[in-house]
Amino acid sequence: MECKVSSEECVGIWYKDGAEIQSSENLTISKDGCFHRLKIHKVTEENAGKYKFEADGRKTESEIVVEDPPRFDTEELEAFKTAVTVKKGHKATFKLSYSGREPTKVQWYLEGEELSSEGNRNIETLDGSSRLLLMKLQRKDSGEIKIKLKNEFGMIEAVSQLNVLDKPTPPLGPLEIVEASSSVIDFKWRPPKDSGGCKIQNYILERQQVGRNTWKKVGPIGPEAKYRDTDVDHGRRYCYRLRVETEIGTSELMETEDIQAGTKAYPGPPSAPKVASAFKDCINLTWSPPADTGGTSILGYNLEKRKKGSNLWGQVNPPNEIIKDKGFAVKDVVEGLEYEFRVSAINGSGAGEFSTPSEFVFARDPKKPPGKVLDLKVTDSTYTTLSLSWNKPKDIKGVEDEAKGYFVEIRPAEKTDWDRCNSNAITMTSYTVKGMKSMAMYWVRVIATNDGGEGEPQELANYILAMPPPGKYICT
């Protein structure tokens, strides 16, 4: 701060908050001719206040406001960011020191929910430091820990993580049988919903032969959720119990349903094949797996085809090459012939029932939409009807295919949207529009269609009025 007086001989005094101040380690008071200066070398909160300079009975005032947003202690902040891991029932402490202009509001959060000092939670904030103490912790208390500081000049926050370790939950069913032969039962299951925050070390497996009261401990079988039991007898049924083992403890058990060794269980039928696309030399099919897998995994599919009018089904894929995907490109077709298809699923027991057949499909390239109809004209009209006729579009191979039907559309002159007169395509080349408003003005067009889609509309050259043609009289 600087003040200029009228005389170099003038002596001045500096004050802060009413008390005279002198030069010190952080503050320098100097005089250079008529200029009196006060310099603060490193501003802190203590330097905030009202300053006054007085000389020869005259004085001037100013104020220093120190804006000091909250900030954390750098070393403590790095340690705070490290996740805290404790066992169930233990306690966890989170602490951070901070500085900044008071008053500072301190808030603690667990998974976004603000915490307060109650129950097993205690918050202490004193002299630029805040501590969160969490006691008798449960697995559900795991989550993000956040501290937020706020004063009138800014806001800052820091995040840590709390991991509470506990025993795992049981494994999850249902059991999936991979193989159930006369000498092997191979099955798998799903890992526990919550491993308790620890890595799974083992699954503990026990087995009981149905009809006996004792359980045989097979032992720890490793961390993978699957087991292949080769010590089984053909035709006997077995039940299994599973537990999860981690460094914290062992879960409750999951008991499986009975599994019989050596019984064949074939899959149900897949969905009927659907035609994804058809060409003269290839028909692409897709299908969905069966709802009933027979209790084991689906290994693949067999696909059969039949010509229309024939009773003989022939297998598409070679007998020793099952189809792995849920779809297939059938290339053994003859152009112009019509085919239907059926599919069966295969599991460890063998092939199941065939699906219902697909719809018939021609082995031919996709149709092209037809062209515009020709010679569209009005043949008759009344106050409420309009009769039209036209000729078929030209059939240009590879460009515009033959039309299979027609749609007639009208549009009142005052509207922009076309209304379709017939919901289903008509095969005749004439049509009578009914329900028109007397003397109303309409635009009319006809659209040809086939399996390849709809062609370009052919519109009448001029609008028409809903009235009899000139020279025609209607007697009532």
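This briefing walks through the overall build, the nonpolar cores and the surroundings of one serine. The model is predicted, so local features need pLDDT of at least 70 and side-chain atom pairs count only at pLDDT 80 or more, while totals for chains, interfaces and linings use all residues. Residues are numbered from 1 along each chain as its sequence is written, and side-chain values use heavy atoms, with hydrogens and water left out.

**Overall build**

- The protein has 1 helix and 41 strands, where helices (H or I, at least four residues) and strands (E, at least two) are DSSP runs numbered from the N terminus.
- The protein is more spread out than a compact globule, because its radius of gyration is 44 Å, well over the 23 Å that the globule rule gives for 476 residues. That radius is taken over C-alpha atoms, and the rule is 2.2 Å times the number of residues to the power 0.38.
- Along its principal axes, the C-alpha trace spans about 120 × 95 × 45 Å.
- Of the 476 residues, 38% count as buried, meaning under 20% relative accessible area, with exposed being over 50% and partly exposed in between (1.4 Å probe, protein chains only).
- Among contacts (heavy atoms within 4.5 Å) between residues at least 6 apart in sequence, 61% join residues at least 24 apart.

**Nonpolar cores**

- A nonpolar core is a set of buried Ala, Val, Leu, Ile, Met, Phe, Trp, Tyr and Cys residues joined through side-chain atoms within 4.5 Å.
- The largest such core has 21 residues, and those with the most contacts inside it include Phe 72, Phe 94, Trp 108 and Leu 134.
- Helix H1 (74-80) and strands S10 (92-99), S11 (105-110), S14 (129-134), S15 (143-151) and S16 (154-165) each supply at least two residues of this core.
- Strand S10 gives the most to this core, with 4 residues.
- A second, separate core of 20 residues includes Leu 376, Ala 403, Met 436 and Ala 448.

**Around Ser 97**

- Ser 97 sits in strand S10 and counts as buried, at 18% relative accessibility.
- Leaving aside neighbours within four places in sequence, Ser 97 is in contact with Arg 71, Phe 72, Asp 73, Glu 76, Gly 128 and Ser 129.
- One of these partners, Asp 73, lies in the loop between strand S8 (71-72) and H1.
- Asp 73 is partly exposed, with a relative accessible area of 34%.
- Asp 73 and Ser 129 are 56 residues apart in sequence and 9.6 Å apart in space, C-alpha to C-alpha.
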